[in-house]
Amino acid sequence: RRLLGASKNSDKFELPVWADTVKTGVFKEMCPSDEDWYYIRAASVARKIYLSPGTGVGRLQKWYGGAYRRGSRTEHYRKASSGIIRSVLT
């Protein structure tokens with residue numbers, strides 16, 4: 001929570017222009033409803049990398065991925081969006 005507050009109030013961390021319209025993965029139907037979702041994801045990514053050094057974009061995609069619901073067909077796992085994770089890491 002401290003990292004979330006610090007990143008919101010920091011001048012170094014800017015919210016991307018596309019943050020209000022992008023989905024977090026192909027398995028999602030809509031964009032996140034929380035206005036602070038990007039800051040929460042950034043804090044979460046920072047914590048994951050701190051706890052497990054050497055973590056890359058692929059591993060974070062697996063962590064934030066989920067079930068892709070396909071109607072009456074069976075669900076399949078899909079990875080999360082790598083563009084969001086890369087933008088947080090830069």
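Glu 75 counts as partly exposed, because its relative accessibility is 48%. Its side chain meets that of Arg 69 in a salt bridge, with 3.8 Å from N to O. Arg 69, at 67% relative accessibility, therefore counts as exposed. In general, side chains of opposite charge can pair when their charged atoms come close. Keep in mind as you look at this pair that the model is predicted. The structure holds one salt bridge, and Glu 75 and Arg 69 form it.

Now let us step back to the whole chain. The protein chain has four helices and two strands, and from the N terminus its elements follow the order α-α-α-β-β-α. Of its 90 residues, 27% count as buried. The chain exposes about 6,700 Å², of which carbon and sulfur atoms supply 51%. Among contacts with a separation of 6 or more, 48% are between residues 24 or more positions apart.

From here we can turn to the interior. Nonpolar side chains tend to be buried together in soluble globular proteins. In this model the largest nonpolar core has eleven residues, including Ala 19, Trp 37, Leu 60, Ala 80 and Val 88. Helix H2 (37-51), helix H3 (57-64) and helix H4 (82-89) each give two or more residues to this core. H2 supplies the largest share, four residues. Ile 85 is also a member of the core. Leaving aside neighbours within four places in sequence, Ile 85 is in contact with Val 57, Leu 60, Gln 61 and Tyr 64.

Helix H2 deserves a visit of its own. Its 15 residues should span 21 Å at 1.5 Å a residue, and because its end C-alpha atoms are 21 Å apart, the model agrees with that expectation. The buried residues of H2 are Trp 37, Tyr 38, Tyr 39, Arg 41, Ala 42, Ala 43 and Val 45. As a reminder, an α-helix has 3.6 residues a turn, so residues three or four places apart point the same way.

Apart from neighbours within four places in sequence, Arg 41 is in contact with Thr 24, Tyr 64 and Ile 84.

Methods:
Residues are numbered from 1 along each chain as its sequence is written. This is a predicted model: local features need pLDDT of at least 70, side-chain atom pairs count only at pLDDT 80 or more; totals for chains, interfaces and linings use all residues. Side-chain values use heavy atoms; hydrogens and water are left out. A nonpolar core is a set of buried Ala, Val, Leu, Ile, Met, Phe, Trp, Tyr and Cys residues joined through side-chain atoms within 4.5 Å. Buried means under 20% relative accessible area, exposed over 50%, partly exposed in between (1.4 Å probe, protein chains only). Contact means heavy atoms within 4.5 Å. Accessible areas come from the Shrake-Rupley method with a 1.4 Å probe; for residues, only the protein chains shown count as cover. The expected span of a helix is 1.5 Å times one less than its number of residues. A salt bridge is a side-chain nitrogen of Lys or Arg within 4 Å of a carboxyl oxygen of Asp or Glu.
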